[in-house]
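Here is a brisk report on charged side chains and their surroundings. The structure comes first.

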Amino acid sequence: MKQLELEPTITERRRLTRNKIYRYILESREPVSKQQIAYDLDLSLPTVHQNITELLGAGLIRAGEAQKSTGGRPPVGYLLEQNMRYAVGVALTTNHLRFLVANLKCEQLAYKSVRLEKGDAAGEHLVEELEIFLNENGIRRDRVLGVGITIPGIFDSKTDSIVISPSLNVKNFSLKKMLAGCPYPIYIANDSTAGGLAEWLSRNAEERQKSFVYLLLENGVGGSIFLNGQMYEGDHTRSGEFGHMCIVPGGRTCNCGKKGCLEAYCGAFRFTRDIGLSIEEFFDGVHAGQSGLNELWNDVLEHLAIGIVNLRMAFDCDIVLGGFVSEYIREYLPRLREMIEERDPLSGKADFLSVSNNPNAAMLGASWHFITDFVDHI
């Protein structure tokens, strides 16, 4: 496969035309012909032919199966060369390092979770484990665009440090030493923000204009807000900290040190760290009908319903549940909706609530930082 060697364009206008054609092919689910591209983008066939030739020469697209014809020779279809480049997503959590690799279609190609040994500092072995992950999956280093790292907290890009992360139990924690040996470009994002971005990017153009709230449920609880197709970040880029809404005044102590936060009732630590079980062991017990675990899970759902109703009252839009806990909630979604309906004074049904189709959305969202940058410069 050829490396990216696009000829420099004479004008920015011509580059934008090439980029428009590349994006059209990227977003198409089936091979597309030159005639189809010309018609849909309102371009001349010679213009399309010239740009297709350049994209083929750079190995960015390939000729696919011939399209159906209404008569005569069927036109050739063109497809994205989706494995031309890769981006890596990494989730830095309390007990695990999680890795995934995605291609230019933003498809997850490989995934791995590495449990951290007790006493390991946050991300202590990140670079080492990243190289092992890439080796295990045969990822060529010259095709890696970069590594997007998600953290459950607030990151300061000026100092390359985590300002605060209650679930990691760190404040003003510098990542410079941890990432010093990493040979790839690095991008660091809040996990909730990256997860919401991935949810937004997974939608079609029409759906992207709709408002929604993304509620991330992992060891910590967070979220992000999209209003009329735009992410709302707040005055200090700290919007969506839903995990630290107080839902039980004077209640359980949260990771942040305050009492009664949503995170204290619905974060995964509630049924892992606090009772010493893995998440798989906990839900195995719930499915087996263990009374103590069923009571705990019901309490989690009850408080989650309260938090979701609060979000619905505040934003009056769809709510999407994400994060690794959301996969376990999927089978309980009808029950959770009933709990919401009992508490919602305005809505008749809780059909505004859904579960994200990708529990690894945060890592994908962080990796897409590099994919979108690559696509932007075609």
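Arg203 is buried, at a relative accessible area of 15% (buried is under 20%, exposed over 50%, partly exposed in between; 1.4 Å probe, protein chains only). The model is predicted: local features need pLDDT of at least 70, side-chain atom pairs count only at pLDDT 80 or more, and totals for chains, interfaces and linings use all residues. Residues are numbered from 1 along each chain as its sequence is written, and side-chain values use heavy atoms, without hydrogens and water.

**Salt bridges**

The whole structure holds 17 salt bridges (a side-chain nitrogen of Lys or Arg within 4 Å of a carboxyl oxygen of Asp or Glu).

| Pair | Closest N to O |
|---|---|
| Arg203 and Glu199 | 3.3 Å |
| Arg343 and Glu342 | 3.7 Å |

Arg98 sits in strand β4 (residues 96-103) and Glu218 in the loop between β11 and β12, so their pair ties together parts 120 residues apart in sequence. Helices (H or I, at least four residues) and strands (E, at least two) are DSSP runs, numbered from the N terminus. Both Arg98 and Glu218 are buried; Glu218 has a relative accessible area of 8%.

Glu199, the partner of Arg203, is buried at 12%. Glu199 is one of the eight buried residues of helix α6, which spans residues 191-201 and has eleven in total. Cover for the buried residues includes β6 (144-151), β10 (186-190) and α12 (361-376).

Arg343 is partly exposed at 30%, whereas Glu342 is exposed at 66%. Arg14, Arg18 and Glu54 form a salt-bridge network.

How values were computed: Contact = heavy atoms within 4.5 Å.
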